[in-house]
Amino acid sequence: MSTTVSQLDKVKDGPWNGGRSPWNLEYGKIMMWFFLVSDAFTFSAFLIYYGAQKFAQPTWIDADKVFQSIPGIADSGQPLVFVGIMTFILIMSSVTMVLAVEAGHRNSKQEVVKWMLWTILGGLMFVGCQALEWSHLHHQGFWFGRNPATGMTDPAMIAETLRPYFTNDISYTAALQFANLFFTITGFHGFHVSIGILLNIIILCMTLNNTFERRGTYLMVEKVGLYWHFVDLVWVFVFTFFYLI
């Protein structure tokens with residue numbers, strides 16, 4: 001693709017000439033931004049629906065009572081510690097991606113490889129932690145269309161089974177809605193993280209193959225970096241909605 005800047009895109013110095021054109025960007029980067037904006041609408045719809053369901057119910061599950069385990073270490077008594085570790089890992093992977101992009105701007109192949117490896121490792125650790133969390137919740141009885149009281153008919157037994165997950169009143173419907181939305185939204189986000197890991201591996205292989213050295217630019221690293229930062233930012237909102245509010 002031609003990188004020649006037209007006369008219309010050059011900086012205009014006159015007081016009424018408009019300055020630098022806002023479209024003086026590489027085509028692929030603009031398309032990535034369009035995709036991220038459209039994807040943000042999808043995540044926004046999910047989270048808005050979650051909020052609407054939560055506040056439409058007279059009661060809701062208490063996250064501190066559901067997310068108390070650290071797989072392999074403690075089955076209870078550690079509220080939000082494990083998800084805090086997951087969040088820290090994903091944020092640090094965003095930092096390593098920034099360092100990879102910066103190294104690409106300096107055409108430093110070795111540093112790009114190093115920081116991309118750390119980014120991929122962070123992504124794999126996050127997805128692995130999410131799989132452990134899903135497995136633990138499934139063991140407790142939560143899943144798509146299910147909660148620990150599914151299949152029970154005695155109201156007293158249902159209330160007794162769900163009592164550990166509520167602070168005040170108990171609602172079978174609220175527990176079911178929580179399970180459905182939690183696995184749907186975190187699963188959708190985990191799918192995006194998995195795609196990001198695959199893209200990072202492809203970029204790493206292209207770097208090792210000297211593809212960007214021959215092109216004379218590491219712009220592809222920056223494009224994939226935009227996607228990775230978006231995934232990290234979305235997790236901040238998912239974390240806030242499900243675990244903190």
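## Exercises on helix packing, a cavity and a ring pair

The largest cavity has a volume of about 70 Å³. This is a predicted model, in which local features need pLDDT of at least 70, side-chain atom pairs count only at pLDDT 80 or more, and totals for chains, interfaces and linings use all residues. Residues are numbered from 1 along each chain as its sequence is written, and side-chain values use heavy atoms, leaving out hydrogens and water.

**Exercise 1.** Find which residues line the largest cavity.

*Solution.* Start with the term: on a 1 Å grid over the protein atoms alone, a cavity is a set of points where a 1.4 Å probe fits but cannot get out, and lining residues have an atom within 4 Å of a point. The volume is the space filled by probe spheres set on the points. Next, search the whole structure: one cavity of 30 Å³ or more turns up. Its lining consists of Val 66, Phe 67, Gln 68, Ser 69, Leu 80, Val 81, Phe 82, Val 83, Glu 133, His 136 and Leu 137. Helices α3 and α4 each supply at least two of the lining residues. Finally, sort by class: seven are nonpolar, three polar and one charged.

**Exercise 2.** Work out how α4 is oriented against α3 and α6.

*Solution.* Take α3 (residues 81-105) and α4 (residues 109-140) to begin with: their axes are 8 Å apart and the packing angle is about 160°. That makes α3 roughly antiparallel to α4, a label for angles over 145 degrees. Their contact holds 17 nonpolar, seven polar and two charged residues. Now turn to α4 and α6, whose axes come within 9 Å and cross at roughly 155°. These two helices are therefore roughly antiparallel as well. In the contact of α4 with α6, 18 residues are nonpolar, 10 polar and two charged.

**Exercise 3.** Classify the ring pair of Trp 60 and Phe 178.

*Solution.* Rings of Phe, Tyr and Trp (its six-membered ring) pair if their centres lie within 6.5 Å, and planes over 60 degrees apart count as edge-to-face. The structure holds 27 such aromatic pairs. For Trp 60 and Phe 178, the centres are 6.4 Å apart and the planes stand at 75°, so the pair is edge-to-face.

Definitions and conventions
Axes are lines fitted to C-alpha atoms, for helices over the stretch in contact, and angles run from 0 to 180 degrees between N-to-C directions. Helices (H or I, at least four residues) and strands (E, at least two) are DSSP runs, numbered from the N terminus. Angles under 35 degrees count as roughly parallel, over 145 as roughly antiparallel, 65 to 115 as roughly perpendicular and the rest as oblique. Ala, Val, Leu, Ile, Met, Phe, Trp, Tyr, Cys and Pro count as nonpolar, Asp, Glu, Lys and Arg as charged, and the others, Gly among them, as polar. On a 1 Å grid over the protein atoms alone, a cavity is a set of points where a 1.4 Å probe fits but cannot get out, and a pocket is an open set with protein on both sides within 12 Å along at least five of seven lines; lining residues have an atom within 4 Å of a point. Rings of Phe, Tyr and Trp (its six-membered ring) pair if their centres lie within 6.5 Å; planes under 30 degrees apart count as stacked, over 60 as edge-to-face and the rest as tilted.
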